[in-house]
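Subject: A structure for you to look at

Hello,

I am passing a structure on to you, with some notes on what turned up in it. Please open it first and keep it beside you while you read.

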Amino acid sequence: MPYITKLEKAGIPTVIVDLEDQHEMVKQVALQYGVPKLRYLPASRMLHGEKDVENFIEPMLELLTRPLTDEEKESGMYMPPSQRILFEGTLEEAEIFYQQTRHVPKPLDAPIAVYTDGLPVVIPTEERVEKMLEGTSHKPDELITYQRDGIGKKGDVVRFLPMERTATVERVAVNAVTAGCKPEHLPAVLAIAESGCGTGTTTFWGQWCCISGPYAKEIGMNSGVGMLDPGSPANMPVGRAYQLMAINLGGAVPGVNRMNSIGSPFNSGGTCFAENAAGLPSGWKGLNEEYGFKKDESIVLVINSGGYIVGNQFSPGGYRAFQKSGHGGMARRMDVKGIPGPHNWLEYLVPQLWAGREGGYTFIMVPEMAQHLYEIGFKSKDEVYQWLWEKSKEPLKQYRLRSWPDEGTNGWLGIERTSGKHWKELPDDYMVPVVDEPTDNCIIIGGGDEEICQQLTGRRGMLGTAPVFSIDAWR
Amino acid sequence: MAEKIYKCLDPTGTQLPVKTYPLAPRLDTLDGKTIHISITGEPDITLPLEKKLRSDYPNVNWTQKKSYTPTPVYLTEEEMKTTDAVILAVTW
């Protein structure tokens, strides 16, 4: 879209063919990039292409020749008002005010909360926000900027997605109050804010955060049994703060600019959990160390990716039988019947991991299962990542039968990364990794004692950037 | 006793001012013009579109750049100088 607005500004008339349900998004992005009256018309999601083109070709060309209206000739400045005090009244009146909704037309056609995630919020009175700000040494009027080079350059102002707005420390604190956070949670919320709180496109729909380092214990986060479940007064509000910041600071509205066709339970109420650093096998790095921080430094990993959970592929009792004495279905499949473990239980998962999708996973595993991997020879997470990457390889003939690579390879016109050759030059039996890089996979230790591994879909970084933010920088 | 009145703060982000521009003047005719088709995926639509444009509008000098991703292949600054209009299909 910035490209089209650049062309219009350069005096080149344009027309966009979009899909009808995405008109609101086109309008909003056109305004963001300074040409609010861009001309567009929809193609059909269902008609056969030839019939569709017959229907829209003449109206499309007419948009290139029809003289401009007075409105389309206008220039000016888009500058929506911004105020510090949004509402004055009793707490009861404020509760009604902050719960206000607006009707979002199709493809949603339902009321959507304007300032909240749909649930009641803690009203951000001046006094509560002031108290919240005691959780950081940063000044209330300080703009949120990148604290280190990463997805942005250190010192640059963070633009909150999708509207690319900016925010001060105080505005983040307002959202932390509404989410139900305590002042000691604010450094984590500010670190999460540094991510820009994206909500993705039509397909990258799940957002979750994982905190690594001593801060997790300090604020009482749950990294044990049920760490993804409700109940923690630290995990829950910090996770919720992400979503409220996406809604309020970023301006994300379903059906307008948050086009997740179905969405993800990760985003309902928000998702934040902590790594159990004490459960790491000897020599395995925590997330903080994986990203170059020290063990005593605290960070938050912020993921925005295709979000669902796979797991429960084996029974915990079956797992124990497999490891203790080589009995049960897992042992039969792995051909270690009667042979005591430890065995590589990841082998059991591999056949289904990439059967239906490509890309990395985040493996959340309980400490015991990580220890088994260590005992069979994986002395670091990197060794596991490398092993998984090798296991993801499949013949090109098979890889061609997948959907996303049509786009990822630019219609098979690009270069295959491991060979450096054009896709069309490679033989059918060339082994293609279904995961781009070994470290697209991620291991997090957490959960209770029951032998469970859950796999969260989606690699950890987008476009080679590390979505990791220092919490200590925001204390 | 009257209930306490609270000042409640705005949770929304700040939209930086955006200078807005008019649309570029439209073409008086298609004939003789160089019109660029910027293709971004959806070959089911864009292949018949390009084919029909070229067959039904032979007096237009059609140019084309193709991507299978949502990001178009940009015209160079030089190409922009000789391009009279652009069709972008399909934005998704």
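Pro107(A) sits in the loop of chain A that runs between β5 (101-104) and β6 (110-113). Please bear in mind here, and for everything below, that this is a predicted model. What joins Pro107(A) to Lys106(A)? The link is a cis peptide bond, and its omega is about 15°.

Another cis peptide bond is found between Leu161(A) and Pro162(A), with omega at about 0°. To find Pro162(A), go to the loop between α5 (126-132) and α6 (169-179) of chain A.

Next come some backbone angles. Cys197(A) is not a glycine, yet its phi is positive, at about 55°. You will see Cys197(A) in the loop that links α7 (186-193) with β7 (206-212) in chain A. Is Cys197(A) buried or exposed? Its relative accessibility is 0%, so Cys197(A) counts as buried, the cut-off for buried being under 20%.

Trp412(A) also has a positive phi without being a glycine; the value is about 65°. Its loop in chain A lies between α17 (404-408) and β13 (431-433). Trp412(A) has a relative accessibility of 14% and therefore counts as buried, again because buried means under 20%.

There is a further proline to visit. Pro340(A) is placed in the chain A loop between α12 (329-334) and α13 (346-353). Which residues does Pro340(A) contact, once its neighbours within four places in sequence are left aside? They are Gln323(A), Lys324(A), Ser325(A) and Gly326(A). As for Ala321(A), 19 residues separate it from Pro340(A) in sequence, while the C-alpha to C-alpha distance between the two is 8.8 Å.

Finally, have a look at the surface. A patch of negative charge gathers there, made up of Glu92(A), Glu93(A) and Glu95(A) together with Glu3(B). One of these residues, Glu95(A), belongs to helix α4 (residues 91-98) of chain A. Why does Glu95(A) count as partly exposed? Its relative accessibility is 43%, and partly exposed covers what falls between buried, under 20%, and exposed, over 50%.

Conventions: Residues are numbered from 1 along each chain as its sequence is written. Chains are lettered from A and ligands numbered from 1 in the order in which they are written. This is a predicted model: local features need pLDDT of at least 70, side-chain atom pairs count only at pLDDT 80 or more; totals for chains, interfaces and linings use all residues. Side-chain values use heavy atoms; hydrogens and water are left out. Helices (H or I, at least four residues) and strands (E, at least two) are DSSP runs, numbered from the N terminus. Contact means heavy atoms within 4.5 Å. Patches are made of residues with over 30% relative accessible area and no salt bridge: like charges are joined within 9 Å, nonpolar side chains (Val, Leu, Ile, Met, Phe, Trp, Tyr) within 5 Å. Accessible areas come from the Shrake-Rupley method with a 1.4 Å probe; for residues, only the protein chains shown count as cover. A salt bridge is a side-chain nitrogen of Lys or Arg within 4 Å of a carboxyl oxygen of Asp or Glu. Lys and Arg count as positive and Asp and Glu as negative; His and the chain ends are not counted. The place of a charge is taken as NZ of Lys, CZ of Arg, CG of Asp or CD of Glu. Buried means under 20% relative accessible area, exposed over 50%, partly exposed in between (1.4 Å probe, protein chains only).
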